[in-house]
Amino acid sequence: MKSLFLTGSALAGFALAATPVLAADKAAVLTNYANIAEAKYQDSLITAKTLQAAVEALIATPSAEALQTAKDAWLAARVPYQQSEVFRFGNAIVDDWEGKVNAWPLDEGLIDYVDASYGGPSDENTLAALNVIANPTFDLSGKSIDTSAITPALLSETLHEADGVEANVATGYHAVEFLLWGQDLNGTDHGAGTRSWTDYAAGEACSNDNCDRRGEYLKAATDLLVTDLEWMAAQWAEAGEARSTLLADEAAGISAMLTGMGSLSYGEQAGERMRLGLMLNDPEEEHDCFSDNTHNSHYYDGLGVQNVYLGEYIRANGALVSGPSLSDLVVASDPALDIEMRSKLSNTMQALGRIKLTAEAGMSYDQMLEAGNTAGEALIMGGVNGLVDQTQSIERVVKLLDLDALEIEGSDSLDNPAAVFE
């Protein structure tokens, strides 16, 4: 991806009350940011443990109700996690780890059975249709791999990104999502995946074979997700590496905050997750493509960016974590820019909220991506435009705070659209 350094435009016209914080209080801003990160990863862990319990119940006593409970737990687990994605990009420890828990899109044929329309192995990925659940052994780079026991170690150390192919996603939220919902074969029509609970049933009730191994994989992937989230939550606790690194250098720490905000807003969310899928009219580019939960993923990603600027986060239990913020730093030097930044963040959340509400009312994100759906395109582009616009103001904040120019992630879909179709 290309990096981007944008120039912004001023927005003024109304006053907003705020309590100024001196530049010397950057340490307090960073401490609050770290506290919010710790809270978000703790909430992600708590909700992942609820998912873990639901998965164990499904495997122990399969039923339609148990499968739905596990799906509901997965959806709830996404809410705090998506708000944590703003800690990527600027914090290397998060960016290096993130691929374990949220990598996408994935070639789901690596994991389990798929529809015939999916196709088979390709030059780009010879393991695209491996179906490890159905195969107790397979060959990888000339070596025979024993998969008779499906364990977290097998998934993380052997299968995940096997052969160096990023689409070989074997772990994380989206592997679990696929195992709960199955493929979404509706294209740009309404509807998510329709995996039956009988895919986990015993004996003759088992559908699509290998139900015991499918349960082993689902359990291993969920257990691994919990372990990975435990590790990251610890990194933001007192004396954790992520917190210690952030607090060691105030200028670098504030830059990390703004890099995360800008890169998630621009290249990642506006570009790779929204504009690209719209250009290709491809539901496979949805972030949560099996569950049709993409409208929520986009919304909570956007909320995470707003959280960082305002220095506040509402926890899963309703408690508020808040303190000195970037907004406080900005308003102390340029109240008009603070108004601009807050306004643009609010506009973006309204645009993402319209996508969310429309999807909940019946027009799924899949349908919004369909070629010729002008209303759907307008909704998605409203979010894209808001995210791009707020990135311009983020760049103005960088200049105001006299920070070095940031490397903000770009996307061909925004920077060089013709390259998308080459």
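Let me start with Leu258, which touches Leu326, Ile394, Val397, Val398, Leu401, Leu403 and Leu406, leaving aside residues up to four places away in sequence; contact means heavy atoms within 4.5 Å. This is a predicted model, where local features need pLDDT of at least 70 and side-chain atom pairs count only at pLDDT 80 or more, while totals for chains, interfaces and linings use all residues. Residues are numbered from 1 along each chain as its sequence is written, and side-chain values use heavy atoms, with hydrogens and water left out.

Now the cores. A nonpolar core is a set of buried Ala, Val, Leu, Ile, Met, Phe, Trp, Tyr and Cys residues joined through side-chain atoms within 4.5 Å. Buried means under 20% relative accessible area, exposed over 50%, and partly exposed in between, with a 1.4 Å probe and protein chains only. The largest core has 94 residues, and Leu159, Leu180, Tyr217, Trp236, Ile254, Leu258 and Leu326 touch the most other members. Helix 1 gives the most to this core, with 14 residues; helices are DSSP runs of H or I, at least four residues, numbered from the N terminus. A second, separate core has 17 residues, including Ala359, Leu369, Ile380 and Met381.

Next, Asn91, in the loop between helix 2 (64-84) and helix 3 (92-102). Asn91 counts as buried because its relative accessibility is 7%. Its contacts, again without residues up to four places away in sequence, are Tyr33, Trp236, Leu246 and Ala256.

Last, Ala53, in helix 1 (residues 26-60). Ala53 has a relative accessible area of 44%, so it is partly exposed. Its C-alpha atom is separated by 8.4 Å from that of Ala70, 17 residues apart along the chain.

Note on methods. Helix = DSSP H or I, 4+ residues; strand = E, 2+ residues; numbered from the N terminus.
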